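This report walks through one protein chain for a reader who has not seen it before. Please look over the sequence and the structure, and then read on.

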Amino acid sequence: MHGADHTPPTEVRLAVDGDGADDELRSLYDWLGHEDALRGRLELRPRPLAEGEMGGVLDVLAVTLGAGGIGGLISSVSTWPGLRRSDVKVTVTAADGREITIDVQGAAEPLAVIREAERLTAAPRE
């Protein structure tokens, strides 16, 4: 397929922190699965263990972004009903380890959150 955009797909990982994080992450997975642009691009995975962790680790939601980029993903996350609870936050981690935590209820400007998240998938400056 030859189009104007030759940007390779980028993967980001979403993690949910807060009460009932496992259930909330599965809820987010279901919510995002209804987005046409994300269908077939979502995968629940075990979170890699950090040094000293002994299991019981929460899942992460891996999302392969296409030409639409992260803006659409963040917009969808921002409207996810799970964020209506003040104790739930979503952390988006880029492949290189850079991350941003989304607390839409606490964000004064959701577009600022989208711009910050877009920096995660931009190539790092050298």
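## Overall make-up

The chain's secondary structure comes to three helices and five strands, where helices (H or I, at least four residues) and strands (E, at least two) are DSSP runs numbered from the N terminus. Starting at the N terminus, the elements follow the order β-α-β-β-α-β-β-α. The model is a predicted one, in which local features need pLDDT of at least 70 and side-chain atom pairs count only at pLDDT 80 or more, while totals for chains, interfaces and linings use all residues. Residues are numbered from 1 along each chain as its sequence is written, and side-chain values use heavy atoms, with hydrogens and water left out.

Of the 126 residues in the chain, 32% are buried, a term for under 20% relative accessible area, with exposed meaning over 50% and partly exposed in between (1.4 Å probe, protein chains only).

## The sheet

Five strands form an open sheet in the order β2-β3-β1-β4-β5, with antiparallel pairing; two strands pair if DSSP finds at least two bridges between them. At the edges are β2 (42-46) and β5 (99-102), each of which pairs on one side only, and the twist from one strand to the next averages 25°.

Within this sheet, strand β1 (residues 10-17) and strand β3 (residues 59-65) run antiparallel and are joined by five bridges, and T10 stands opposite L65 in β3.

## Two helices in contact

Helix α1 (residues 21-33) packs against helix α2 (residues 69-78) at an angle of about 120°, their axes lying 10 Å apart; axes are lines fitted to C-alpha atoms, for helices over the stretch in contact, and angles run from 0 to 180 degrees between N-to-C directions. The two helices α1 and α2 are therefore oblique to each other, since angles under 35 degrees count as roughly parallel, over 145 as roughly antiparallel, 65 to 115 as roughly perpendicular and the rest as oblique.

Where they touch, with contact meaning heavy atoms within 4.5 Å, L28, W31 and L32 in α1 meet L73, S76 and V77 in α2.

In the loop between α2 and β4 (89-94) lies P81, which counts as partly exposed because its relative accessibility is 31%. Although P81 and E24 are 57 residues apart in sequence, they are 9.7 Å apart in space, C-alpha to C-alpha.
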